[in-house]
2 protein chains.
Amino acid sequence: MADTITLSKPVADFHVHVRDGDMMKLVVPTIKLGGVSVAYIMPNLVPPLTSVADVLAYKSRLEAVDPSITYVMTLYLSPAVTPAVIHDAAKAGITGVKCYPAGVTTNSEHGVASYVPYYPTFAAMEEEDMVLNLHGECPSAGHIHLLNAEEEFLPTLKDIHTRFPKLRIVLEHCTSAAAIQAVKDCGATVAATITAHHLFLTIDNWAGNSFNYCKPVAKFPADKQALLDAATSGDPKFFFGSDSAPHPIVNKEKGNGAAAGVFTQTHAAAYVAEAFDQLGKLDKIEAFLCDFGRQFYKIREKKAEWSVVLKKEQNVVPPLLGNGASAVVPFKAGEKLNWKVEIVGL
Amino acid sequence: MADTITLSKPVADFHVHVRDGDMMKLVVPTIKLGGVSVAYIMPNLVPPLTSVADVLAYKSRLEAVDPSITYVMTLYLSPAVTPAVIHDAAKAGITGVKCYPAGVTTNSEHGVASYVPYYPTFAAMEEEDMVLNLHGECPSAGHIHLLNAEEEFLPTLKDIHTRFPKLRIVLEHCTSAAAIQAVKDCGATVAATITAHHLFLTIDNWAGNSFNYCKPVAKFPADKQALLDAATSGDPKFFFGSDSAPHPIVNKEKGNGAAAGVFTQTHAAAYVAEAFDQLGKLDKIEAFLCDFGRQFYKIREKKAEWSVVLKKEQNVVPPLLGNGASAVVPFKAGEKLNWKVEIVGL
C-alpha cells in the first residue's frame with residue numbers, strides 16, 4: 001500500500017459534538033483539520049435542541065464559524081419531538097433524531113426512560129425517511145453496569161427495528177462484539193458508527209486515565225478486535241462517526257466526576273489511518289471514512305473546495321487545543337502518530 | 001442489634017500502607033482513628049523493603065510516630081529474599097513476605113515475573129511458618145485485562161498451595177466471586193483479606209472517579225455481593241485488610257496516570273460497620289474485624305491501652321487529610337456515614 005492516500009472526497013463524520021459558544025468557536029475549525037467535510041451534528045447542547053427553530057439557529061451559528069462544512073442536523077428526542085415536529089423537521093432539512101437514554105452520558109439528563117411513548121414519533125420518522133440515532137446503553141442498575149450496558153440494550157434495538165423495519169437506525173459508537181453482531185443480524189436499514197478511539201482503547205486504557213474515559217466505555221480486547229474487524233471488513237453497515245467530545249481540561253482532571261468523552265476531531269482521519277495501517281487494511285479506509293456513511297444517509301452536500309490526502313509521516317499530537325482552563329486535551333496527546341491529514345487546495 | 005458495639009479488642013488491619021517520610025507522619029496517627037491496634041505493614045516503599053535490616057529500620061520509624069500500635073512487618077519478595085534471608089527474618093520477628101506481580105500496582109516495578117525461582121524461598125517460609133501475601137493479579141496482556149486479572153491468577157494460587165500445602169497464604173484484597181470461591185476451595189492454610197472499599201464499589205464507581213480507582217479494580221455487582229457474603233459469613237478464611245492507600249491529591253487529580261488506591265484508614269471500622277449494618281449482619285463484624293485475622297496470623301501483640309466502640313451516629317467524612325498538594329482524599333469524602341469509631345480510654 002502506498003504511503004499517500006488521496007481520498008476522492010473528504011471524510012464524512014457521522015457523530016460530531018462541537019458544543020456551543022466559545023467551545024464551538026474553538027472546535028468547529030478543527031473539523032476540517034481532521035479531514036472532515038460532512039459533520040453529523042449531535043443535539044445535546046444545554047438545553048438540548050428539541051425544536052426545529054433551535055436546530056436551525058444552531059446550524060446558522062456553526063456556519064458562521066466555518067461555512068465550508070456540510071452540517072447535517074439532528075433533534076434531541078424528548079416529549080417535545082411529536083410527529084408534527086418530525087414533519088416540520090423533514091421539511092426543514094433536518095436529517096435525524098438522537099435518542100439518549102436518561103442519565104447515561106454528557107447532557108443526557110433530559111433523555112428517554114421508555115421508548116414506547118415515542119412509537120408515533122418513530123412512525124412519523126419512518127414516513128419521512130429520517131434517521132434514528134441511538135445511544136445504545138441501558139442505565140446502570142441491578143445487574144446492569146458500564147460493561148454490559150450496551151449488550152443489555154441490544155434487544156431494544158432489535159425490537160424497534162422489528163416494529164419499524166423501514167426506519168433507518170444507527171447504533172452509535174458501537175463498543176462491543178455483541179453490538180457488532182446485533183447490527184449484522186438486523187436488516188439493511190440498521191447500521192452503526194464506530195469511533196476512532198474505540199479502535200485503540202480497552203478498559204485498561206481508561207482506568208486511571210480520564211482522557212481515555214468516555215461513554216460507552218471502551219471494553220475488552222476481544223471487543224476492540226471486533227470493532228477493528230467490522231471497520232475494516234468492507235461491510236457498508238459500519239462507518240465512521242468520531243463521537244469526538246470536547247471537554248475543558250478542568251472537567252477532565254477531576255478526581256471525582258471527570259467528564260466522559262474523548263476528543264479526536266483535530267486528527268480524526270489520522271487516528272483511523274493508524275489503526276487500519278496496523279492491520280494492513282488501508283485499502284478499506286476510504287469506504288469506511290467516506291463512502292458507506294454517505295450512502296446510508298443519502299447525503300446531499302456542498303461541494304468541498306479542498307481535498308484530503310492521508311500521508312504516512314510521523315507527527316506528534318499537540319498536548320492541548322486552546323488555552324487555560326477551557327483548553328481541550330486531544331486523544332493521544334503528546335504521542336507520535338505515523339499518519340497525518342493534509343488538506344489540499346485551500 | 002444495638003446501636004453501640006464495644007469491641008473486645010481493637011481492630012486488626014491485615015493490609016496497611018503508610019508509606020514513609022512526611023506521608024508516614026500524616027497517616028500513621030490515623031491507624032488508631034480507624035479503630036485499629038494491629039497493623040500489618042506492606043513493604044512496597046521506594047525502594048522496596050527487601051532486607052531484614054530495612055524492615056526493622058522501617059518498623060522503628062513507625063514506632064517513633066505511634067508506639068502504641070502493633071506493627072506486623074513484611075518483606076518484599078525479590079531475588080534478594082533468599083532462603084537464608086527468610087531464616088533471618090523469622091528470627092527477627094518478621095511475619096510475612098508480600099509478593100507483587102511486576103507492574104500491576106503502586107511501586108510494583110520490582111515485582112515478580114515468575115514464581116518458580118522463588119520455590120526455595122517459599123519452602124523456607126513454610127519451614128519457618130511465615131505467611132505469603134499474594135497480590136493476586138496477572139499483568140494485562142493478550143486476553144488478560146483489569147477485570148479478569150484476578151481470576152486469571154487463581155490457578156497460580158492453587159498451584160503454590162498444592163506445592164506448599166503447609167505454607168500459610170493470604171490472597172490479598174479479593175475483588176471477585178471467583179477469588180472467594182478459590183479461597184474456599186483451598187485448604188485451611190489459605191485465607192483472604194477483604195477491604196472496606198470493595199464492600200461498596202463496582203466498576204461504575206471508579207469510571208471517571210480516580211478516588212475510587214484502585215488495584216485490583218472494583219468489579220461487577222455480583223462480585224461485590226460475593227465479597228459482602230464472604231465478609232459477613234462467619235467463615236474464618238475471610239478477614240479485614242483495608243489496603244488503605246494514601247496518595248497525594250495531586251497524584252489522584254491527574255487526567256492521565258492517576259495513582260491507584262483508596263484511602264480508608266481514618267474511618268476504617270466505620271465503613272465496615274456501614275456495610276455490615278446495611279445487610280443486618282453486625283453480629284458478624286467483630287469476628288471479621290478483630291478475631292479471624294489474629295487467629296490466622298497467630299498474632300502476639302502489645303496490650304492496647306484503649307478500646308474501640310462503634311456507634312451508630314451520623315458523621316461526615318472530611319474532604320481531606322492534611323493540607324496542600326500532598327493532602328489525601330479519604331474514601332467517601334464529604335459523604336455522610338451512619339457509623340463512627342470512638343476510641344475509649346486514651
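**Reading burial and helix packing**

Colleague: In this predicted model, does B:Phe263 count as buried or exposed, and at what relative accessibility?

Modeller: The general idea is to compare the relative accessible area with a cut-off, buried being under 20%. B:Phe263 has a relative accessibility of 2%, and therefore counts as buried.

Colleague: Where does B:Phe263 lie, and which residues is it in contact with once its neighbours within four places in sequence are left aside?

Modeller: B:Phe263 belongs to the loop that runs between α9 (249–252) and α10 (268–278) of chain B. With those neighbours set aside, its contacts include B:Val27 and B:Thr30, the run B:Ser244, B:Ala245 and B:Pro246, and also B:Tyr271, B:Leu321 and B:Phe331. As for distance in space, the C-alpha atoms of B:Phe263 and B:Asp243 are 8.0 Å apart, although 20 residues separate the two in sequence.

Colleague: And how does B:Gln278 count, as buried or exposed?

Modeller: The cut-off for exposed is over 50%, and B:Gln278, which is found in helix α10 of chain B, counts as exposed because its relative accessibility is 60%. Its C-alpha atom is separated by 27 Å from that of B:Val328, a residue 50 positions away along the chain.

Colleague: Turning to chain A, which residues of helix α3 are buried, and where on the helix do they fall?

Modeller: In α3 of chain A, residues 83–91, the buried residues are A:Val85, A:Ile86 and A:Ala89; seen down the axis of α3(A), they fall within an arc of 105 degrees, so they line one face of the helix. Their cover includes α2 (52–65), β5 (74–76), β6 (96–99) and α4 (119–128) of chain A. Just after the helix, A:Gly93 takes a positive phi of about 85 degrees.

Colleague: At what angle do α3(A) and α4(A) pack, and how far apart are their axes?

Modeller: Here one reads the angle against a cut-off, angles under 35 degrees counting as roughly parallel. The packing angle of α3(A) and α4(A) is about 25 degrees, with 8 Å between the axes, and the two helices are therefore roughly parallel to each other. The crossing of α3(A) past α4(A) is right-handed. On the α3(A) side the contact is made by A:Pro83, A:Ile86, A:His87 and A:Ala90, while α4(A) contributes A:Pro120, A:Thr121, A:Ala124, A:Met125, A:Glu127 and A:Glu128.

Colleague: How many residues of that contact are nonpolar, polar and charged?

Modeller: The residues through which α3(A) meets α4(A) divide into six nonpolar, two polar and two charged.

Notes: Residues are numbered from 1 along each chain as its sequence is written. Chains are lettered from A and ligands numbered from 1 in the order in which they are written. This is a predicted model: local features need pLDDT of at least 70, side-chain atom pairs count only at pLDDT 80 or more; totals for chains, interfaces and linings use all residues. Side-chain values use heavy atoms; hydrogens and water are left out. Buried means under 20% relative accessible area, exposed over 50%, partly exposed in between (1.4 Å probe, protein chains only). Helices (H or I, at least four residues) and strands (E, at least two) are DSSP runs, numbered from the N terminus. The arc is that of the directions from the helix axis to the C-beta atoms. Contact means heavy atoms within 4.5 Å. Axes are lines fitted to C-alpha atoms, for helices over the stretch in contact, and angles run from 0 to 180 degrees between N-to-C directions. Angles under 35 degrees count as roughly parallel, over 145 as roughly antiparallel, 65 to 115 as roughly perpendicular and the rest as oblique. A crossing is left-handed if the near helix is turned anticlockwise from the far one by less than a right angle, and right-handed if clockwise. Ala, Val, Leu, Ile, Met, Phe, Trp, Tyr, Cys and Pro count as nonpolar, Asp, Glu, Lys and Arg as charged, and the others, Gly among them, as polar.
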